Amino acid sequence: MDYKARSAELVAKMTTEEKASLCSGLSNWQLKSIDRLGLRGGYLTDGPHGLRFQAEGMPMGVSVPATCFPAACASACSFDRGLLFEIGAAIGDECRQEGVSLLLGPGVNIKRSPLCGRNFEYFSEDPMLAGEMGAAFVKGVQSRGVGVSVKHYAGNNQETRRLIVDSVMDERTKREIYLTAFERVVKQARPWTVMCAYNKLDGEYCSQNEALLTGVLRDEWGFGGVVVSDWGAVSDRVKALKAGLDLEMPGGDTWNDGEIVRAVKEGRLGEETLDKAARRLVELMLKMNELSAYEYDADVHHALARRAAIASSVLLKNDGLLPSSIFKNAALIGAAAKSPRYQGGGSSHMTPTQLDNAVREFTKAGLRFDYAEGYAPDALEPDEALISEACRVARGKDIVYIFAALPEKMESEGFDRRGIEMPRAQTELIRRVSEVNRNIAVILSCGGVVDMSWEKYARAILLTYLGGQATASATVEILLGRVNPCGKLAETWPVSLDELPASRYFPGEGRTSEYREGLYIGYRWFDSAGRTPRYPFGYGLSYTTFRLADLYLSDTHAADDGEITVGCKVTNTGTMPGAEIVQLYVAPPEGKAFRPAQELKGFEKVRLNPGESKTVWFKLGGRDFAHYEPESGRWCVESGDYEVRVGVSSRDIRLRASVKVESASAVFAVDRRAELPDYYAPEKGLEVSDAEFASLLGREAPHYGVRPYTVDSTLSEALECEAGRAALGRYLEPGEGEDDQLRRMFAAMLPDMPLRSLNMFGDPQLSRGNLAELVEKLNASK
Ligand code: BGC
């Protein structure tokens, strides 16, 4: 079907009211229909690592069983585009079975700080990796005729005050770090929709940020789809529509549809702007209407989830203890061995079709073992009785498997983490058990970086992250050496949070979060400052060994618009089949602009039998050498000798070669050494003054006060005055009947929720139409 022509035809037949009605949803998870034109409103639902479809009548927190695949924190460690495509395609098929036409994901936001509560749902600290993983996943879902919503565009890197916070960053940081993953996904995979973030960027809510939604996304990157709001992200509906936001979600409160009609009638909004949005929406609906039925095989998808969990697990430490065998006499310790931690909390939380656990899987495998709980699930403080019992069970065994897991209540959408420590209940257990038996293998499940000062007590550590419903069976296969672990870290694991400059500025104060560390996050920071993390980006062990050799460059000279092919031979020099993830980094010469010491520009995963060799290939183009120049608003390549580095982690570079670049765009590079001394010398620690940050930004960092009250004022701000307490006090009373992780999320989010988002709870007093009156009362009150 020619969707464009058909949608133009249909929109031409619509009244202004009908067009405006399409600009918001019918309910939480469905679009509106226009029956007389045969347009049916399809379903759209979360995402991202499995389907969370709430069928008619299901209470909040309950969803139709679906396969829970590894969360993005885990799947990114596979560095495997093909796998991400397969997972996407499988979820697409599950959408078809449930009649869902659009999946709300993937999330490609950057992990700026380990404290972001939602890091588990994001791929990486590196925009290239996040973009590549996101694009492959999107291609997979969309290959089944199901759309996606790539989220949260953009600069949503924390949960604290996420609905109102202004992410204050300079243009270069925005372009080089926080927009790049979206750019890759949009250009490579053509997602049907993009979901705008809650926060502000450049002082404007993303939902009504024209430079972001139209300037960059549509005009620069050529995005032709629909922009959807995050749930409750719209502040000024007319402004949002003008900026390029087509669909407001969730639906239910139709006041804003009326506002669009009023604006057209009063001449505040050109009808052609509404027409454009309506045409894009109808095009989306036409595609959604073509959803074809499917019945998936839950066992086949479970097997894929297991394969994905295997490919996503990272062996962090191993002195030869692993792989083990079923013939060993084992102790199995930890509550997580029976009830695993395998997915994150919040809008992505779903009901799995089945759930493996390690105790059952080891039993199936024929292992002889004794089990001890070791710690109570969710407990923070050590329990002497449980620890003593664990020590008793561990004593004299050939091997001790300790299953450790960061409790769900410590990380979730809706709030940020307070620190990265594991509960003492578990670290103390590991230490004490090591006193009676040194042969400890720890299996660690968590959604993000944790403190590892206990690593010395373990001879082996396998990190599964949140590996989905088949994590446990995948783990047992790895521990017993039936498969070879091959994942690599998609984020740097620091020794402590204090080492990271971002920690100083995260999550900010008041209504802002200042990104003073600029480009220097993750390995960009560690490598530029010459510091050593606990585990570097791109790191992960294997049961076999690999050799990299014969670096080949198609040319050692390049222009900024040329392309170079890079190749290298990889050989499996060990005794077990396995996969290596070969990574290509580019290190720029010293130039006018400050640059991170090196950046990831390519990666390939290669599977090899013992003794086998293959050559992996990469392409490098001008953008791979470039930085963004805010003054001229363009990508710029400085001339000079760039080092091409090929390795097996950011800190294990095996091959190097130099490329001499002669660049026409070099003239645009600006030397800002005098105004930005700290950014040119990150090794000094990046304690950036107000003045230097203002220079980087090109403006003073904004500050926001509480008054006057507006629809964007938060609940806690409103509660500072008498009228607010009278009208809204009950919102802080604890909710009932929701499952724990959702209640935790809402309880954490509520105080910082803007008044305009509270209409999601269906209170007529807070419907959009009544808000103006409430705001007036707040302003008149003490
Ligand atoms: C989240 C989105 C999610 C939406 C619908 C929002 O609170 O930020 O990621 O898709 O809710 O559940």
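P250 is found in the loop between α9 (237-243) and α10 (255-265), where helices (H or I, at least four residues) and strands (E, at least two) are DSSP runs numbered from the N terminus. The peptide bond from M249 to P250 is cis, and its omega is near 0°. This is a predicted model, in which local features need pLDDT of at least 70 and side-chain atom pairs count only at pLDDT 80 or more, while totals for chains, interfaces and linings use all residues. Residues are numbered from 1 along each chain as its sequence is written, and side-chain values use heavy atoms, with hydrogens and water left out.

A cis peptide bond also runs from G47 to P48, with omega near -10°. P48 belongs to the loop between β1 (43-46) and α3 (72-75).

Backbone angles draw attention to two further loops. In the loop between β3 (147-153) and β4 (166-168) stands R161, which is not a glycine and yet has a positive phi of about 55°. R161 has a relative accessible area of 12% and is therefore buried, a term that means under 20%, with exposed meaning over 50% and partly exposed in between (1.4 Å probe, protein chains only). D378, in the loop between β11 (368-372) and α14 (384-394), likewise is a residue other than glycine with a positive phi, here near 80°. Because its relative accessibility is 35%, D378 counts as partly exposed.

The ligand sits in the largest pocket. A pocket is an open set of points on a 1 Å grid over the protein atoms alone, where a 1.4 Å probe fits, with protein on both sides within 12 Å along at least five of seven lines; a molecule sits in it if more than half of its atoms lie within 2 Å of its grid points.

Finally, R524 lies in helix α18 (residues 522-529). R524 counts as buried because its relative accessibility is 3%. Apart from neighbours within four places in sequence, R524 is in contact (heavy atoms within 4.5 Å) with E125, D126, P127, I177, L519, P596, Q598 and E599.

Methods:
1 Å grid on protein atoms, 1.4 Å probe; cavity = no way out; pocket = protein on both sides within 12 Å on 5 of 7 lines; lining within 4 Å.
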